[in-house]
Amino acid sequence: PEDVLHIGFGSGGTAWAVAQHPVRRIVVAEISPEVLGVAGRVFGDVNHGVLADPRVHVLLNDGRNVLLATREKFDAILSDSIHPVYAGNSTLYTREYFELCRDHLRPGGVVSMWLPLYSLTQESYLAIVRAFWEVFPSTCIWYDPVALNEFTVVTGSLAPGPVRLRWQALDDPRLRPTLAEAGVRDSVSLAAMLLLGPREVGTLVTDTRPHVDDFPEVEYRSGRLLDRNGSWLADFRMLWAFRSRTDPFAEYPGDFGAAVARRDATVRGQLRELSARVAAR
């Protein structure tokens with residue numbers, strides 16, 4: 001990938017991680033100039049001053065407006081916006097938004113989406129994934145087990161067939177520090193982050209209606225949730241029940257069974273920890 005669109009700067013950690021790759025241009029769409037200021041003052045240890053990188057170009061605008069206005073196409077689009085329950089933000093989690101992302105991808109391009117497990121009903125979580133899957137049939141749901149995390153990362157591409165990763169990039173010395181922060185040191189630890197492959201995602205959302213612009217139910221249904229940890233546990237358990245057990249990758253260089261065993265042992269323990277936390281309230 002050479003040109004990347006990053007929607008939602010936040011603390012800047014993701015933009016810095018992207019900057020470790022030999023990309024040509026990183027376009028950051030951020031709606032709030034205050035976020036950029038705070039990131040520079042408070043989160044320097046996270047973003048390492050990435051805004052000063054000459055490859056980074058900031059657009060102070062709503063991410064969806066950027067996609068509507070530009071004719072540019074990208075190799076990767078990272079949708080890293082805030083929680084979909086906040087008023088108006090669910091429009092960055094609808095089928096129409098994902099179609100905009102698709103229309104701005106170059107051949108072979110990839111889209112990723114930050115998707116929280118907490119404060120979303122199962123219906124809302126599934127509706128968002130269904131909308132994404134309808135646009136990107138090669139959809140995967142990833143979970144980083146380096147800690148008990150409250151979120152998933154959903155990736156998709158238009159390319160049919162097995163999921164293709166650049167496994168050789170794991171040996172790139174420029175990438176090792178940021179990969180190590182996420183606990184990725186080899187192909188097994190990376191594959192262990194795959195929670196659901198395309199086949200499992202398709203099964204999971206078969207009977208679900210997609211989240212669409214004309215019926216943005218997420219910010220209304222899930223916006224009424226008060227049980228943060230309970231919803232987190234329910235969504236986590238739902239994904240666990242559908243977890244991938246077969247190798248979805250094109251050319252996985254290791255033992256996928258070992259990756260599954262590592263993932264399951266870790267996630268099983270984290271589910272027990274979260275269950276105990278919910279029960280102790």
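This is a predicted model: local features need pLDDT of at least 70, side-chain atom pairs count only at pLDDT 80 or more; totals for chains, interfaces and linings use all residues.
In general, the strands of a sheet pair through backbone hydrogen bonds, in either a parallel or an antiparallel manner.

Strand β5 (residues 105-116) runs antiparallel to β7 and is joined to it by seven bridges. Strand β7 itself spans residues 151-157, and five of its seven residues are buried, so the strand is largely enclosed by the rest of the structure. As a general point, side chains in a regular strand alternate between the two faces of the sheet.

Two helix pairs were examined. In one of them, helix α11 (residues 228-241) and helix α12 (residues 256-279) have axes that come within 10 Å and cross at roughly 150°. Because angles over 145 degrees count as roughly antiparallel, α11 is placed in that class relative to α12. The crossing of these two helices is left-handed. On the α11 side, the contact involves Asn229, Gly230, Trp232, Leu233, Phe236, Arg237 and Trp240. These residues meet Asp264, Val267, Arg268, Gln270, Leu271, Leu274, Ser275, Arg277 and Val278 of α12. Sorted by class, the contact of α11 with α12 comprises eight nonpolar, four polar and four charged residues.

The other pair is formed by helix α5 (residues 95-103) and α6, which pack at an angle of about 35° with their axes 9 Å apart. The crossing of α5 and α6 is right-handed. Helix α5 contributes Arg95, Phe98, Glu99 and Arg102 to the contact, while α6 contributes Ile128, Ala131, Phe132, Glu134 and Val135. By class, the contact of α5 with α6 has five nonpolar and four charged residues, with no polar ones.

Helix α6 (residues 122-135) also carries arginine 130. This arginine has a relative accessibility of 16% and therefore counts as buried, the cut-off being under 20%. When neighbours within four places in sequence are left aside, arginine 130 is in contact with Val205, Thr206, Thr208, Arg209 and Pro210.

Arginine 64, located in helix α4 (residues 63-69), is likewise buried, with a relative accessible area of 14%. Its contacts, not counting residues up to four places away in sequence, are with Thr91, Leu92, Thr94, Glu96, Tyr97, Leu100 and Asp213. The C-alpha atom of arginine 64 is separated by 9.0 Å from that of alanine 29, and the two residues are 35 residues apart along the chain.

How values were computed. Residues are numbered from 1 along each chain as its sequence is written. Side-chain values use heavy atoms; hydrogens and water are left out. Buried means under 20% relative accessible area, exposed over 50%, partly exposed in between (1.4 Å probe, protein chains only). Helices (H or I, at least four residues) and strands (E, at least two) are DSSP runs, numbered from the N terminus. Two strands pair if DSSP finds at least two bridges between them. Axes are lines fitted to C-alpha atoms, for helices over the stretch in contact, and angles run from 0 to 180 degrees between N-to-C directions. Angles under 35 degrees count as roughly parallel, over 145 as roughly antiparallel, 65 to 115 as roughly perpendicular and the rest as oblique. A crossing is left-handed if the near helix is turned anticlockwise from the far one by less than a right angle, and right-handed if clockwise. Contact means heavy atoms within 4.5 Å. Ala, Val, Leu, Ile, Met, Phe, Trp, Tyr, Cys and Pro count as nonpolar, Asp, Glu, Lys and Arg as charged, and the others, Gly among them, as polar.
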